[in-house]
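Okay, thanks for coming, everyone. Let me put the structure up and then we'll walk through how the pieces pack.

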Amino acid sequence: MEIIKPGTRIDFVSKMRIALLASGILILLSIAVLVKHGGPIYGVDFSGGTLIQLRFTEKTPIGEIREALASQGFGDATIQDFAGGGSEGEFLVRLPVSGEETTSFGAKVAEALKAKFGADKVEIMREEMVGPRVGSVLRRQALLSVLFATLMMGAYIWFRFDVRFGVGAATALAHDIIIATGVLTLFNYEFDLTIVAALLTIVGFSVNDTVIVSDRIRENLRKNRRDSLATVINRSINETLSRTILTTGTAVMVLLSLYLLGGNVINGFAFALLVGFVVGTYSSIFIASPIVLYFPERRT
């Protein structure tokens with residue numbers, strides 16, 4: 001299926017400086033958001049603590065829940081409306097953990113809430129608990145896994161093509177991860193193991209698109225030795241544009257369905273992939289390939 005007519009010649013390379021400027025601004029804004037928030041907003045997986053999901057049989061104000069928990073010594077609990085609007089009576093309660101304490105708080109929280117609202121009015125849906133030391137280890141390992149995946153993908157492109165394409169791919173991947181992290185932090189999404197899985201998926205999706213375009217550039221360099229590198233890059237991006245739009249478009253439609261209909265549990269995962277896939281497609285066209293032009297021209 002071709003949604004871009006054969007022979008289309010969009011001059012992507014001439015927009016390279018504008019794209020680099022726009023990307024630079026987005027990266028700076030992402031860094032500014034991270035600095036303002038003191039870094040990513042870590043979930044229980046990475047910060048340590050206890051996460052409890054509650055369901056009430058009727059609409060319950062957050063203020064009354066907070067009063068019930070404070071009366072039992074849980075005044076530092078963070079309560080989040082999990083259902084959006086509170087009409088369904090579902091909430092997430094986060095309790096910080098001091099030292100290496102790993103005591104389950106679920107029973108204590110349930111006891112406090114049942115005493116306040118009645119035993120048949122509240123139900124503990126789930127309870128997750130991570131010690132602060134374990135959270136710190138998981139946080140470091142998650143950061144290293146994303147960094148290692150980015151470098152390995154750049155090295156793969158380097159060995160498959162040459163150093164120019166490897167540097168372009170690694171730069172584009174770093175660009176995607178930084179902007180996705182900034183957007184997630186801006187919209188107050190917590191970073192947990194699910195979001196790390198989403199970031200690694202973004203790396204895989206983005207590098208796949210970069211491989212397709214780079215492969216076509218290498219092929220066209222061999223067939224059109226008299227054309228300039230900029231001309232070959234433009235031709236290659238145009239020739240793969242239909243495939244890029246169809247792949248990203250279908251993926252975005254699926255992710256939109258997950259985001260809108262999948263529920264709160266996978267809402268952050270779907271949102272991270274939505275941002276990452278759109279930014280990754282943009283970077284494979286305007287960042288990864290044009291960076292090749294900054295290296296001395298060499299035909300393979």
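What you see is a predicted model, where local features need pLDDT of at least 70, side-chain atom pairs count only at pLDDT 80 or more, and totals for chains, interfaces and linings use all residues. Residues are numbered from 1 along each chain as its sequence is written, and side-chain values use heavy atoms, with hydrogens and water left out.

In sequence order the pattern reads α-α-β-α-β-β-α-β-α-α-α-α-α-α. Along the principal axes, the C-alpha atoms fill a box of roughly 80 × 40 × 30 Å.

Now the sheet. The 4 strands make an open sheet, ordered S2-S3-S1-S4, with antiparallel pairing; two strands pair if DSSP finds at least two bridges between them. S2 (78-81) and S4 (122-130) are at the edges with a single partner strand each, so one side of each has no neighbour in the sheet. On average, neighbouring strands are turned by 20 degrees against each other, direction ignored. S2 and S3 (residues 90-95) are joined by 4 bridges, and Asp 81 sits opposite Phe 91 in S3.

Two helices go with that sheet. H3 (residues 62-70) lies across S1 (49-56), S2 and S3, running at about 155 degrees to S2.

H9 (residues 241-261) and H10 (residues 267-288) pack at about 165 degrees, axes 9 Å apart. They are therefore roughly antiparallel; the cut-offs are under 35 degrees for roughly parallel, over 145 for roughly antiparallel, 65 to 115 for roughly perpendicular, and oblique for the rest.

Next, H7 (residues 193-223): 31 residues, reaching 46 Å from first C-alpha to last, close to the 45 Å expected at 1.5 Å a residue. That expected span is 1.5 Å times one less than the number of residues. At its N-terminal end, Asp 192 is the cap, with a side-chain oxygen 3.1 Å from the backbone nitrogen of Thr 194.

What angle do H7 and H10 pack at? About 25 degrees, with their axes 9 Å apart, which makes H7 roughly parallel to H10. Their crossing is right-handed. Residues making the contact include Phe 205 of H7 and Gly 276 of H10.

H7 also meets H8 (residues 229-239): the axes come within 9 Å and cross at roughly 130 degrees, so the two are oblique to each other. That crossing is right-handed as well.

You'll find Asn 188 in the loop between H6 (163-186) and H7. Okay, over to you.

Key:
Axes fitted to C-alpha atoms, helices over the stretch in contact; angles between N-to-C directions. Contact = heavy atoms within 4.5 Å. Polar contact = N/O pair within 3.5 Å; in protein donor to acceptor, adjacent residues only side chain to side chain. Left-handed = near helix turned anticlockwise from the far one by under 90°.
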